[in-house]
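Visitor: I am new to this structure. Could you show me how to read it, one feature at a time?

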Amino acid sequence: MNKGIKINILDLIANMALFIYVFMINWFKRRKQEAKSYRTNEEWVESLSNPPDEDAVDDLRRYLIRGLKPALYKYVDRELDQFVEDVAQDALLKILDKIDTFRGESKFVSWAMKIAVREGLSELRRKKWQDISIGDLAGSDPEEEGSEINSEVFAIDDPGPDDTTHEKMMLKKVMGIIEEELSEKQKKAIMLLMVQGMPVTVVAEQMGVTRNALYKLVHDARLNLKKKMGAQGIDPEKMLKQL
Amino acid sequence: MKLSTDTLKNMIRAIKMTRPDEIGCDDCFDQLSEFAELKLAGKSPEKAMPLVQDHLNRCGDCREEFEALLEALKELKVGI
Ligand SMILES: [Zn+2]
């Protein structure tokens, strides 16, 4: 009896000691984290510039991991922790590499975080679309992408002989403008983005251009179409109502 | 392969909304952390930085990144 109680008391003491130990570790951790958040932009840049201070790199890594979890969890179905750690590591390298481009327009941590978030989401988009190449989508050999595909892509139902409604005529006119005015590259980009619903990041990589260049390419296409439709007296607003 | 009416509608809508002064993904990204901080501080970044807001309305990838960034910064309590 007595022995049993003694063991229980020892157990209890051991448990309490463990509890206090864990509590103190957490307290120190929290204190360290709180202290970190007061680091100024200048201090961050200073400590991460050549050669980067190891503690600062570790601090930043912890920040990135903490922020990435709630940012990405809904896109990752398993092993979120591992994925987030990998992203943080890749992002860290990019951040250190372009730290001299940080102009202090936001907090340093926000700036670093946006690089990490873009890194993570780009990776997820790549993974999601990796097995689908442009060639598959266009239904042809990847080596044979060209005008043939695109002219087929931008075809609409040919109006039958009896079908001469105003609506169909307008549609035909618009299709004609699209066919004539856009470059093959622009058609391909629009097809992948708007018809296939692929992300800009993925289309850009598959087409071998930067994401920014792809956006500009499509922007130019839209601007051109708007101008040409205007010149031919086609009002997009009216067309939308008729469709 | 043919364009569905829905796709055509989306295209015409995109053409209609096109403006010459749109910014690209790079310009948007450059201003995104500042934009996000203002948003979290309850200020109206869409007024101070209308072209960023405009790009976010148009570009799915940038919008997704902006929303994810907000979640991350909320967790890190940036902007409070
Ligand atoms: Zn964008």
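Guide: Gladly. Keep in mind that this is a predicted model. We start with one residue and its contacts. B:Thr18 touches A:His219, A:Arg222, A:Leu223, A:Lys226 and B:Arg58, leaving out residues up to four places away in sequence.

Visitor: Where in chain B is B:Thr18 placed?

Guide: B:Thr18 sits in the loop between helix H1 (5-17) and H2 of chain B.

Visitor: Is B:Thr18 buried or exposed?

Guide: Compare its relative accessibility with the cut-off: buried means under 20%. B:Thr18 has 2%, so it counts as buried.

Visitor: Let us turn to H2 of chain B. How does B:Gln31 score on accessibility?

Guide: B:Gln31 is found in helix H2 of chain B. Its relative accessible area is 28%, so B:Gln31 is partly exposed. Beyond its neighbours within four places in sequence, B:Gln31 is in contact with A:Lys114, B:Ile23, B:Met49 and B:Val52.

Visitor: How far is B:Gln31 from B:Lys16?

Guide: Their C-alpha atoms are separated by 26 Å, and the two residues are 15 apart along the chain.

Visitor: Which residues of helix H4 in chain B are buried?

Guide: H4 covers residues 50-58 of chain B, and its buried residues are B:Val52, B:Asp54, B:His55 and B:Leu56. Next, look at what they pack against. In chain A, the partner is helix H11 (211-231). In chain B, the partners are helix H2 (25-40) and helix H5 (60-75).

Visitor: Are B:Cys59 and B:Cys62 buried or exposed?

Guide: B:Cys59 is buried, at a relative accessible area of 2%. B:Cys62 is buried too, at 2%.

Visitor: What are the elements of chain A?

Guide: Chain A has 12 helices and 0 strands. Of its 243 residues, 38% count as buried. For the fold, look at contacts between residues at least 6 apart in sequence: 64% of those in chain A join residues at least 24 apart.

Visitor: How many residues are in the largest nonpolar core?

Guide: In soluble globular proteins, nonpolar side chains tend to be buried together. The largest core here has 85 residues, and those with the most contacts inside it are A:Leu64, A:Phe108 and A:Met113. Helix H5 (residues 108-129) of chain A gives the largest share, 11 residues. At least three residues come from each of domain 2 (43-129) and domain 3 (137-242) of chain A.

Visitor: What does A:Phe108 touch?

Guide: Residues up to four places away are not counted. Its partners include A:Asn41, A:Trp44, A:Leu60 and A:Phe102.

Visitor: And A:Val109, is that residue buried or exposed?

Guide: A:Val109 lies in helix H5 of chain A. Its relative accessible area is 10%, so A:Val109 is buried. Apart from neighbours within four places in sequence, A:Val109 is in contact with A:Trp44, A:Tyr63, B:Leu76 and B:Val78.

Methods:
Residues numbered from 1 in each chain as written. Chains lettered and ligands numbered in written order. Predicted model: local features only at pLDDT ≥ 70, side-chain atom pairs only at ≥ 80, totals over all residues. Heavy atoms only, no water. Buried < 20%, exposed > 50% of the residue type's maximum accessible area, 1.4 Å probe, protein only. Core = buried A, V, L, I, M, F, W, Y, C linked by side-chain atoms within 4.5 Å. Helix = DSSP H or I, 4+ residues; strand = E, 2+ residues; numbered from the N terminus. Domains from an automatic or database assignment. Contact = heavy atoms within 4.5 Å.
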